[in-house]
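Please consult the sequence and the structure shown here while reading.

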Amino acid sequence: MSDRLAGKVAIVVGAGQTPGDRIGNGRATAILFAREGARVVAVDRRLDSAEETVGQIVGEGGEAVAVEADATSEPECERLMSGVVERWGRIDVLHNNVGVGGADAGPAHVIESEWDRILAVNLKSVIFPCKYVLPVMREQQGGSIINISSIAAVCSAPIVAYKTSKAGINAYTQSLALGNASYGIRANVIMPGLMNTPMAIEGISKGLGIPKEELIRQRDAQVPLRKKMGTAWDVAWAAVFLACDESRFVTGVALPVDGGQSARIG
Ligand SMILES: NC(=O)c1ccc[n+]([C@@H]2O[C@H](COP(=O)([O-])OP(=O)(O)OC[C@H]3O[C@@H](n4cnc5c(N)ncnc54)[C@H](O)[C@@H]3O)[C@@H](O)[C@H]2O)c1
């Protein structure tokens with residue numbers, strides 16, 4: 001344990017994970033926040049999965065509670081924030097990790113129902129938690145908001161609904177940062193690249209019918225840095241930096257955590 005987040009209350013939304021044999025971004029972030037001294041609120045629409053995350057944190061001597069909430073529901077986000085303030089009196093960090101893909105392809109193959117679902121989940125799960133944390137952070141005159149986007153927002157990607165939703169998160173976060181800078185609130189984006197997480201590997205290999213090992217080989221080959229995907233811990237360490245006071249002058253940025261993949265632009 002360290003103390004970069006000592007005394008802080010941190011909410012991680014999407015703190016459970018897709019089942020699989022590796023750790024996901026949300027769970028790894030919740031665990032590192034707790035190891036750095038934060039009291040963690042692990043939020044997921046699947047309570048059992050959030051409870052697993054909390055079990056790991058408590059097992060290491062950290063402090064965390066699990067809360068069931070659908071991050072796309074405005075009333076549930078309002079209840080979540082007021083519940084945390086009632087319990088711990090403040091909210092220092094909000095980390096929005098929820099994101100989904102699906103039957104998504106190029107512009108000529110857009111499926112309306114999938115477009116609506118992906119845009120709705122990926123954008124509302126950021127916008128509503130932010131809407132209800134802002135009054136709390138404004139009152140405190142400080143806080144750090146971290147929104148998980150993707151390098152798909154800025155790199156060529158044939159998955160247009162996902163790409164558009166993540167580009168929307170980048171744009172929204174710039175407004176969030178500028179509109180709340182005078183209150184001492186920081187807002188930043190992390191853009192993960194190709195990460196070896198269950199959501200990506202189990203999810204995509206099932207979706208495309210490719211064996212897991214083959215998919216891992218294909219994804220590793222696309223990464224400039226050591227020809228190896230990143231892990232959820234790489235995203236989590238970037239989140240620790242953006243959550244803690246070491247990044248006190250950093251706001252409105254979109255930080256790629258991608259082994260150099262987005263550096264290929266231009
Ligand atoms: N893994 C990658 O390669 C990769 C790359 C780029 C970006 N990302 C982004 O990382 C994030 C996901 O990372 P992960 O590995 O933790 O995924 P994950 O799927 O393992 O975990 C996401 C969690 O969010 C929960 N969730 C889904 N919808 C919810 C809702 N409406 N309300 C509350 N909880 C909900 C799920 O139950 C799950 O536990 C997404 O935003 C994704 O777009 C991942």
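Two residues are in contact when heavy atoms of theirs lie within 4.5 Å. Among the contacts in this chain between residues at least 6 apart in sequence, 74% join residues at least 24 apart. The model is a predicted one.

**Overall form**

The chain contains eight helices and seven strands. Along its principal axes, the C-alpha trace spans about 45 × 40 × 35 Å. For 266 residues, a compact globule would have a radius of gyration near 18 Å, and the 17 Å of this chain agrees with that. Of the 266 residues, 51% count as buried. The accessible surface amounts to about 12,000 Å², and carbon and sulfur atoms account for 55% of that surface.

**The cavity**

One cavity of 30 Å³ or more is present in the structure. The volume of the largest cavity is about 40 Å³. Its lining is formed by Ala103, Asp104, Ala105, His109, Val110, Ile111, Glu114, Trp115, Val160 and Ala161. Helices α4 (112-140) and α5 (160-180) each contribute at least two residues to this lining. By class, the lining of the largest cavity consists of seven nonpolar residues, one polar residue and two charged residues.

**The second largest pocket**

Strands β5 (143-148) and β6 (185-192) each provide at least two of the lining residues. The lining of this pocket comprises five nonpolar, six polar and six charged residues.

**A cysteine in helix α4**

Helix α4, already named as a contributor to the lining of the largest cavity, also holds Cys130. Is Cys130 buried or exposed? Residues under 20% relative accessible area are classed as buried. Cys130 has a relative accessibility of 0%, and therefore it counts as buried. Apart from neighbours within four places in sequence, Cys130 is in contact with Leu94, Asn96, Ile145, Asn147, Tyr172 and Leu176. Cys130 and Tyr162 are 32 residues apart along the chain, and their C-alpha atoms are separated by 20 Å.

**Two loop residues with positive phi**

Gln141 is placed in the loop between α4 and β5. The phi angle of Gln141 is near 60°, a positive value in a residue other than glycine. Lys227 is located in the loop between α7 (212-221) and α8 (232-243). The phi angle of Lys227 is near 50°, likewise positive in a residue other than glycine. A residue is partly exposed when its relative accessible area falls between the limits of 20% for buried and 50% for exposed. Gln141 is therefore partly exposed, with a relative accessibility of 49%. Lys227 is also partly exposed, as its relative accessible area is 45%. The table sets out the values for these two residues.

| Residue | Phi | Relative accessible area |
|---|---|---|
| Gln141 | near 60° | 49% |
| Lys227 | near 50° | 45% |

Definitions and conventions
Residues are numbered from 1 along each chain as its sequence is written. This is a predicted model: local features need pLDDT of at least 70, side-chain atom pairs count only at pLDDT 80 or more; totals for chains, interfaces and linings use all residues. Side-chain values use heavy atoms; hydrogens and water are left out. On a 1 Å grid over the protein atoms alone, a cavity is a set of points where a 1.4 Å probe fits but cannot get out, and a pocket is an open set with protein on both sides within 12 Å along at least five of seven lines; lining residues have an atom within 4 Å of a point. Grid points are joined across faces, edges and corners, and a volume is the space filled by probe spheres set on the points. Helices (H or I, at least four residues) and strands (E, at least two) are DSSP runs, numbered from the N terminus. Ala, Val, Leu, Ile, Met, Phe, Trp, Tyr, Cys and Pro count as nonpolar, Asp, Glu, Lys and Arg as charged, and the others, Gly among them, as polar. The radius of gyration is taken over C-alpha atoms; the globule rule is 2.2 Å times the number of residues to the power 0.38. Buried means under 20% relative accessible area, exposed over 50%, partly exposed in between (1.4 Å probe, protein chains only). Accessible areas come from the Shrake-Rupley method with a 1.4 Å probe; for residues, only the protein chains shown count as cover.
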